[in-house]
Every structure is written in structure tokens, then in C-alpha cells.
Amino acid sequence: MHLTSLALTDFRSYAQLELPFAPGITVLVGPNGQGKTNIVESLWYLATLSSHRVPHDAALVRRGQSTAIIRASFVRAGRPLQVDLQLTPGKSNRARVQGQNLNRLRDLLGEVRAVLFAPEDLGLVKADPEGRRRFLDELLFLIAPRFAGVKADYDRVVKQRSGLLKQMRTMRRGGFGRGVGGLDPEETAASTLEVWDGQLARLGAELLRARLHLVNRLRPHVGYSYLRVATDAGAEEALDLLPADRGAVDSPADIAYRSAVIDAIGPAEGELPSLRALHDALLAEAAAVRGDEIDRGVTLVGPHRDDLEIRLHDSPAKGYASHGESWSLALALRLGSYDLLRLEEGDLGDGEPILVLDDVFSELDVHRRERLGRIISGARQVIITTANDSDIPASLAGAIQVVDVELGSATPREGSAGSLAAGGAGIPAPGATSSGAAGTW
């Protein structure tokens, strides 16, 4: 799929912005703090219903305004796709597809396919497991949107179950007397906990199995992508391998899904345990740590405790990899995700996502920039942000469309290659970017 136009109203620094896009490579150029990342952040929000920079929507709405609107037009599987999203902090956000209101916001997931690399992705290598779990889930929801509902239900169960465990901790410490009607509150709580255990095992097994399957599929793409970006061998044209051949590549980078439940089952590498096996293992693990759970008042077993292990040269990348190696590993995770999605047709067809690279060149030396340029040159649509024209690798020369970004405006540069306007119209002259109203919701 590819983006043909993007309109923002009161989103971040933009009161009004309308910007055309075309297939191929588009580079947003401008000094830091001018709003380049705000543009790609809006596209990422349409794809994932979340920002890669902030946890809450309030920061996405322009100061002094109560609502922000993102409107975007795409072509997917040869057909036009219109997506509109209204962000109202403190209230329910609303979305429309092809002009029709969606009953649930999460029904938007899967409509827009994008992969974003940003400097914040260093946290995938260096920070806590929460970010790595979120990375897996965002990719999973793009491929199979129904798992967003599974994840939401699972999170609700964990929250309710942990609340009950806190109550049981208080009971254990003598904080409750006899229950109403002579019922023992500890027995009642234990009976209720069994119900929550069953739901935790059912939903947790489904989510865990989906993540494990995703990592098994993603793994060869990540190792292959790291080799291409970070090593001299990766620059060789002979390494341009088909997906079926990537698993045999001897790469220094590797990933694996880590879970106490998986360890208890002990499947062979690449094997996918059944839902029943995972369900039973979750129940057994929960029973084994029941005392600790009550003492701490938290749920200690399940996919919310799992991690994506990232290794380099057979050592954990966290604490071992250098800054440059960590940057390349994070980039390999995103490029591997792009390759996996590109090969995944999905329900609507046209599985190739839009590849977004935010400030990717700033931490890459000239050789890695050139390698990356060769890797992405054949993509259907790539959107790149950079502070300087000089950072654009020579391997992209003559194949890019440039947009100059200044605070509050984004203007296609006259004379850049190709056409940014939908339908093949010419590139607008500087200052021609529309600032008219993007329409009413």
C-alpha cells in the first residue's frame, strides 16, 4: 500500500496541513524541532493507535485546542482507502474508514500498514521488556488485528486478578473478619481466583502462542537485516536472498521469545506448542507461585511477564552491544518487520507496508547509510526524515522526492525527482502547501 495524501488539523505543531505523497522515497528535510517527526507520528498513530513518543493523547493536540484530526488517503490492493481519526483527550477517540464510522476504535487496526524506525527504538535493545512486548504486539496486530481484542481482554483479567490478590494479601494479614452469612472471605476469594485463573490461562495461552509464532517467523529476517546493514558482508549483492534462504545466514544477531511458561514446556527450537499445552502450563505455573502472588499482590505468571531476547555474538545485546551496534540492532528489528509484513498478504491483499525512517541517518556512518539506501531503494513507499540534505546517501540520488519542513508548514521542493501530487500532477512550488481547512468531522 502507499499513502497519497495526509491532512492534519490541530495535530502537534500543525494548525492545518495538507501534504500530497507518491510512491517511492520521500524525504522530509528541516532543522530539528520543526515538525518532521510530527508528520510521521500521525501516520504511525493511524497504523497502531498509539504514539511512539508519548503514552497519552493530550500531547498530540495543539496547545489551546481540544481536538486533533488526522485524515489520510491511501491506495491498497489497487483500491482507494480513506481513513479519518479524531483525537479528543479525556473522551473516546473516533475513526472512520471510507466515510463510515467504526463502532470500536481498534477495528481500525490492520487497515493501515506501516513500519516505523525512530531514535526511541534504542529502547528496544537497551530498556526494559515492556517496550519489546509492545513492539511484538504492534506487529502482531498489523498481521492479525483480532489479537488486539485478545490482548485487551487479557489485560483486563490481569488487572482484576491482581486486585483480588491484593485483597487476599490483606486477608492473610488479618485485615478481614468473617464474611456475610457466615461465609469465609478467604474461601470465597480463593474460589473467585480459580475463575480468574481459568481466564488468564485461556487468553494468555492464545496471546503467548501468537507471539511465539511471530518471533519464529521474524527471527530469520532480523538476522538477515542486521547482516546487511551492519557488516561488510552485507554490502555484497550476492547476499540479496529470498526469504526461504535467510534462515541459513550466519548472522551475529538473533532473537528469541523468553517465557517461564515456554521454559516449563521445553519445546524444541522453532516448535509451536499447542494451546492446550500452554493453557495447562499457565495454570501449573500460577499454582506454583500462588503464595508469592498473594504476598506481593500481583500476577506473576503470563505473557505480560515475558520478554523478547535480543542477542549479538551469542551475548545479550542489553549491556553488551555498543551504541552503534544497538542502533543497527533496532534498525534490523524494524527492517525485519517490514520484510515480514511485505510477505504477509493479509485480508485485503497488498501486504507491503509503508516504511518510515525517522532520523535514521544521524547515527549511521557513511558506509551504513549507503547500505541502507540500497536496501530501501526498491520499496514501494519510504518516508524519511533528516535534518540535513548532506545525510541523504548517494545510493538514493535521483530517486527521492524532497519536502522542506519549517515550523507549521511542509512544502514539496521544486525540482526534486518524481511527483508528490496524487495522480501524477507536478510538484508544487515553494509555499504552495495548502493551509485551508481539512473539512469537518
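1. The sheet here is an open one: three strands in the order S9-S10-S11, with antiparallel pairing. Strands are DSSP E runs of at least two residues and helices are H or I runs of at least four, numbered from the N terminus; two strands pair if DSSP finds at least two bridges between them. The edges are S9 (253–258) and S11 (315–316), each pairing on one side only. S9 and S10 (residues 307–312) are joined by 6 bridges, and Ile255 sits opposite Ile310 in S10.

2. Bear in mind that this is a predicted model: local features need pLDDT of at least 70, side-chain atom pairs count only at pLDDT 80 or more, and totals for chains, interfaces and linings use all residues. Residues are numbered from 1 along each chain as its sequence is written, and side-chain values use heavy atoms, leaving out hydrogens and water.

3. On to the core. The largest nonpolar core has 125 residues, and Ile39, Phe74 and Leu357 touch the most other members. Such a core is a set of buried (under 20% relative accessible area, 1.4 Å probe, protein chains only) Ala, Val, Leu, Ile, Met, Phe, Trp, Tyr and Cys residues joined through side-chain atoms within 4.5 Å. Helix H5 (residues 185–230) gives the most to this core, 18 residues.

4. Beyond four places in sequence, the contacts of Leu357 (heavy atoms within 4.5 Å) include Phe117, Leu331 and Ile383.

5. Last, the loop between strand S3 (24–29) and helix H1 (36–48) holds Asn32. Asn32 counts as exposed because its relative accessibility is 64%, the cut-off being over 50%.
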